[in-house]
Amino acid sequence: MTKRVQRRPALGLVLLLVLSWLAWNRWGRRPPPPAPAAAVPTTPVVAVPAYRLAIVLDDWGYQKKPLDTLGQMPGPLTLSVIPRLAYSQLVAERGAAIGEEIILHYPMQAQHGGHPEPGMLKPGMDALQVRSDLEQAFLTVPGAVGLNNHEGSLATEDRKLMDEVAAVLKDRDAYFLDSVTTPHSAIPAAAKAAGIPWAARRVFLDDVNQVPAILNQLKQAVDLTRRNGHCIAIGHPRPATLKALLQALPGLKEQGIQLVKVSDLLQRP
């Protein structure tokens, strides 16, 4: 009897410890902390410069000499190349190789005749002929991503003709740049109707072919850029224009102006 009485407390203590351990395991243990949530990737915010200026140089294709100066220019620039000329393809290829944007500078009829060019677009032309002429022209200016009018103060006022041009550009995923040779241009309406990107020139740089006058026009372009946030200016690869650009363009960055391509300033559908 004495031995039995001494064993029961020991057995009870063991049972009590086992039950306590089971209870702690069942209800007392804290769950492990949740794994940290995977970081959600964020898209970096790219700051868009406040003031952006695009400079277009028209009438490329007649000669190759200006290409020597082009490589010295701070860029980017947009080179507008007249099709079917002796150096059209060379300019397009050399310009693209150094990072310039290439567009087609297509001859269109002016109010007072202007200078006849092969394939010039005129009001009343057959739509199939317009398409054929434009498609052949693009072949001579490889890599062109847009088109602006060469002269064209009469042709660009013709809505039907501009609709036909816009239809070709839509098929090529190209944009329409209005050189604004008339205040009554149908290019904006045609581009909007076709659902293609477009833009319009604000300043002509070298109507007066002298360095001081061109520098003054560049100042006007800079002023418009500051006022509106952006501006497109058009000049030509003439010696005076190139000299003025070499003189003025390096200082634009200090003025808070960034040179961009025309394709950076398009109005999109």
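**Stop 1: helices H7 and H8**

Select helix H7, residues 211-228, and helix H8, residues 239-248: their axes come within 9 Å and cross at roughly 50°. That angle makes H7 oblique to H8. The crossing of H7 over H8 is right-handed. This is a predicted model, so read every value here as computed from it.

Now show side chains at the contact. From H7, pick Val211, Ile214, Leu215 and Leu218. In H8 they meet Ala240, Thr241, Lys243, Ala244, Leu245, Gln247 and Ala248. Sorted by class, this contact has eight nonpolar, two polar and one charged residues.

Stay on H8 and colour by burial. Ala240, Thr241, Leu242, Ala244 and Leu245 are the buried residues of this helix. What lies over them? The cover includes strand E1 (52-60), helix H2 (66-70) and H7.

**Stop 2: Gly235**

Move to strand E8, residues 230-235, and select Gly235. Is Gly235 buried or exposed? Gly235 is buried, at a relative accessible area of 0%.

Setting aside residues up to four places away in sequence, Gly235 touches Val56, Leu57, Asp58, Leu205 and Asp206. Then draw a distance from Gly235 to Val203. The two are 32 residues apart along the chain, and their C-alpha atoms are separated by 8.7 Å.

**Stop 3: helices H5 and H6**

Two packed helices are described by the angle between their axes and the distance between the axes. Apply that to the next pair. The axes of helix H5 (residues 159-171) and H6 come within 9 Å and cross at roughly 45°. H5 and H6 are therefore oblique to each other. H5 passes H6 in a right-handed crossing.

Which residues make the contact between H5 and H6? On the H5 side, select Arg159, Met162, Asp163, Ala166 and Lys170. On the H6 side, select Ile187, Ala189, Ala190, Ala193 and Ala194. The class count for this contact is seven nonpolar, no polar and three charged residues.

**Stop 4: Met162 and the nonpolar cores**

Keep Met162 from H5 selected. Apart from its neighbours within four places in sequence, Met162 is in contact with Met108, Ala155, Thr156, Phe176, Ala186, Ile187 and Ala190. Met162 also belongs to the largest nonpolar core, which has 59 residues. The members that touch the most others are Ile55, Leu121, Leu147, Met162, Val165 and Phe176.

Another core, of 12 residues, lies apart from the largest one. To find it, select Ile103, Tyr175, Val260 and Leu265, which are among its members.

**Stop 5: Val130**

Go to helix H4, residues 127-140, and select Val130. Val130 is buried, with a relative accessible area of 0%. Beyond residues up to four places away in sequence, Val130 touches Leu121, Met125, Leu161, Glu164 and Val165.

Draw the distance from Val130 to Leu161. C-alpha to C-alpha, this pair is 8.2 Å apart, with 31 residues of sequence separation.

**Stop 6: backbone exceptions**

Most residues other than glycine have a negative phi, and most peptide bonds are trans.

- Select Gly75 and Pro76: a cis peptide bond joins them, with omega about 0°. Pro76 sits in the loop between H2 and strand E2 (78-81).
- Select Arg84: phi is positive, about 65°, although Arg84 is not a glycine. Arg84 is in the loop between E2 and helix H3 (88-97). At 28% relative accessibility, Arg84 counts as partly exposed.
- Select Val180: phi is near 55°, again a positive value in a residue other than glycine. Val180 is in the loop between strand E5 (175-178) and helix H6 (187-194). At 25% relative accessibility, Val180 counts as partly exposed.

**Stop 7: the whole chain**

Clear the selection and zoom out. How many helices and strands does the chain have? There are eight helices and nine strands. Of the 269 residues in the chain, 42% are buried.

Take contacts between residues at least 6 apart in sequence: 73% of them join residues at least 24 apart.

Terms used: Residues are numbered from 1 along each chain as its sequence is written. This is a predicted model: local features need pLDDT of at least 70, side-chain atom pairs count only at pLDDT 80 or more; totals for chains, interfaces and linings use all residues. Side-chain values use heavy atoms; hydrogens and water are left out. Axes are lines fitted to C-alpha atoms, for helices over the stretch in contact, and angles run from 0 to 180 degrees between N-to-C directions. Helices (H or I, at least four residues) and strands (E, at least two) are DSSP runs, numbered from the N terminus. Angles under 35 degrees count as roughly parallel, over 145 as roughly antiparallel, 65 to 115 as roughly perpendicular and the rest as oblique. A crossing is left-handed if the near helix is turned anticlockwise from the far one by less than a right angle, and right-handed if clockwise. Contact means heavy atoms within 4.5 Å. Ala, Val, Leu, Ile, Met, Phe, Trp, Tyr, Cys and Pro count as nonpolar, Asp, Glu, Lys and Arg as charged, and the others, Gly among them, as polar. Buried means under 20% relative accessible area, exposed over 50%, partly exposed in between (1.4 Å probe, protein chains only). A nonpolar core is a set of buried Ala, Val, Leu, Ile, Met, Phe, Trp, Tyr and Cys residues joined through side-chain atoms within 4.5 Å.
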